[in-house]
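Q: I've got this one open and want to go through it piece by piece. Start with whatever I need to read the strand pairing.

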Amino acid sequence: MDLTILTVKGLIILVIFGITLLIATYSTYAERKVAAFLQDRIGPNRAGPWGLLQPIADAGKMFFKEDFIPSQASKWLFILGPCLAMLTALMSSAVIPFSDSIRFAWDKVNYDVPVQGIEINIGVLYIFGVVSLGVYGIMVGGWASNNKFSLLGAIRAASQNISYEIALGLSLITILMMTGSLSLRAIIDEQATFFEWNIFTQPLGFVIFLTCAFAECNRTPFDLPECETELVGGYHTEYSSMKLGFYLFAEYINMFVSSAFISALYFGGFHYPFMSLVNEALENSLGAITGHNIATLICFVVFFAKIFFFIFFFMWVRWTLPRFRYDQLMNLGWKTFIPLSILNVVITGAGLLYDFKYATWLIAIVMVVLAVTSTSRAPKRETIAQGTV
Amino acid sequence: MQLTNRSKQVSNKEMTLAEKMYLPAVVGGLAITLRHFFRKKVTIQYPEVKRYLGPIYRGHHVLKRDEQGRERCTACGLCAVACPAEAISMVAAERKKGEENLYREEKYAAVYEINMLRCIFCGLCEEACPKQAVYLRHDRMVPVFQERDEVIYGKDRLVEKMDDRYIRVNNSEVKATPTEPSLTRAAT
């Protein structure tokens, strides 16, 4: 019996691993397509129908390029860098519950195996730990390259990740306060009804978390570690071939994992409105096992729809916003997000004390009122009439 | 000097709180890019769809024949002299008896070669030609080549085929230029 559960578990882990890699691969294609569409172009469409074989062609190109290690580089650390980046990126999807559970009968007993790499009661902590290890991949790689631009990129990445992790954690604490658990599955189950999704109870926390996730993934507008205009290529300047490919790939895996994390934390994970009704109807009409598994499949699809939306959102933002300056980035992190998230924690705590879940809307309302009044009271900008200059 | 009326005066005033929050501006920007996402794409899928390049586009060279199918070129060499890239070379020969239906005048080009790697498609050969013999077609491009021995185009690829004659389309603007091979000029 244990062997069967182990097999099912192993299969689930393999499938999650494969799906993670597949989505990361096709994120590169989607990135180019989205970029093209946002710029009124068509994008890659030559390799296969609609260019669907493009990522495979790209990977093939990456593999066959010269794998170059600079003579002054620290060789082993140079190799270790991309390995670490890839390892940590792949590890973090282990605790994300992708769907409800697979049910199968054995000796007339029904067993439920959750669709999740591993269910641990410190899931959120685990993800945080692994994600903060991710910065080592960048640091080690940038430092081992023995190149000033790489080092600068690595230092930027490290300080950016560390400073945004604080705000990230603080905005997450409100959710932990409301759920009372660090387990991701418990957090998702807490959001069973639509209006109790954390996006509705924690709007401010969501905005802070989303922005910090952008910074953690080193995505535009916070892609300072690898900005071409200032640092050549940032921490991966000296990398070529599949080592570079691993770095870029790790970025897309991180994007996928953080999209999954955001949808799990704030958008109810695999829950959708009227889910319990659908599940009941399915189990009544198709039997406890088939019905349950089909319901699980629907949950799976719903969760991935949410993930895909956030991956699209990541790309959408990338091709909309310009890059922040480094001091603006740091000001935003330390002077805005950390105080705001602390305030968020306090208000949520007060709300919990009086058993009112939507307390943080207070901050949002106050901020909107302040913004509107300050705009209306601000002196009108002098606009010089056209043609006088 | 003001070139367009689209320029906006930049203000260095301190930002209001709403602007410091960035969010309204971010949402506005996202709306703009999303509108572009659903807009009609401007791309022309080149090898499948070709765009009309106009009646004065300078493409593939052609050595014209006259109405009786005789080559117009007399190998005077003015095109080679005019060519800034020195892409044209030729060998002249005298017309023998019985070749009157092949060559229009007593002298003709036995060899006429254009090096397409050197050619810059400026059209000066076309302007220099006193016999209206060499033209750059507006409707056809020199194809992409992979090998170096493909790049020198001889008479076999340059002389106009009688079943595939080149007539530049009638265009009122182009008609005024002296290089237009209109029927009246071709008859001279």
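A: Two strands pair if DSSP finds at least two bridges between them. Strands (E, at least two residues) and helices (H or I, at least four) are DSSP runs, numbered from the N terminus. This is a predicted model, where local features need pLDDT of at least 70 and side-chain atom pairs pLDDT 80 or more, while totals for chains, interfaces and linings use all residues. Residues are numbered from 1 along each chain as its sequence is written, and chains are lettered from A and ligands numbered from 1 in the order in which they are written.

Q: OK, chain B. How many bridges between β3(B) and β5(B), and in which sense do they pair?
A: β3(B) and β5(B), the latter residues 152-153, pair over two bridges in the antiparallel sense. B:I114 has B:Y153 in β5(B) as its bridge partner.

Q: And which residues of β3(B) stand opposite B:E94 and B:A92?
A: B:E94 is opposite B:K107, and B:A92 is opposite B:A109. β2(B) (88-94) and β3(B) (107-115) run antiparallel, joined by seven bridges.

Q: What's the strand order in that sheet?
A: The order is β2-β3-β5 of chain B, an open sheet of three strands with antiparallel pairing. β2 and β5 are at the edges with a single partner strand each, so each has one side without a neighbour in the sheet.

Q: What does the rest of chain B hold, in terms of secondary structure?
A: Chain B comes to seven helices and five strands. Read from the N terminus, its elements go α-α-β-α-β-β-α-β-β-α-α-α.

Q: How much of chain B is buried?
A: Of its 188 residues, 16% are buried, meaning that 20 or more other C-beta atoms, placed from the backbone, lie within 10 Å of the residue's own. As for contacts (C-beta atoms, placed from the backbone, within 7 Å), take those in chain B between residues at least 6 apart in sequence: 73% join residues at least 24 apart.

Q: Switching to the interface. How many residues does each chain put into the contact?
A: Chain A gives 21 residues and chain B gives 19. On the chain A side, α1 (2-38) and α14 (361-377) are the elements giving two or more residues, and α14(A) gives the most, with four. That side divides into 11 nonpolar, seven polar and three charged residues. Nonpolar here is Ala, Val, Leu, Ile, Met, Phe, Trp, Tyr, Cys and Pro, charged is Asp, Glu, Lys and Arg, and the others, Gly among them, are polar.

Q: Now chain A itself. At what angle do α11(A) and α12(A) pack?
A: α11(A) (275-286) and α12(A) (288-318) pack at about 145 degrees, with axes 6 Å apart. Axes are lines fitted to C-alpha atoms over the stretch in contact, and angles run from 0 to 180 degrees between N-to-C directions. The residues of this contact divide into seven nonpolar, five polar and one charged.

Q: Which residues of α11(A) meet α12(A)?
A: Among them are A:V278, A:L282 and A:L286, and the α12(A) side includes A:I294 and A:I298.

Q: What follows α11(A)?
A: A:G287 does, and its phi is positive, near 95 degrees.

Q: Last one: what do β1(A) and β2(A) form?
A: They form a hairpin with two residues between them, and A:D107 in the turn has a positive phi of about 55 degrees. β1(A) (101-106) and β2(A) (109-114) pair antiparallel over six bridges, with A:P114 as the partner of A:S101.

Note on methods:
Two residues are in contact if their C-beta atoms, placed from the backbone, lie within 7 Å. A residue is buried if 20 or more other C-beta atoms lie within 10 Å of its own, exposed if 12 or fewer, and partly exposed in between; C-beta atoms are placed from the backbone.
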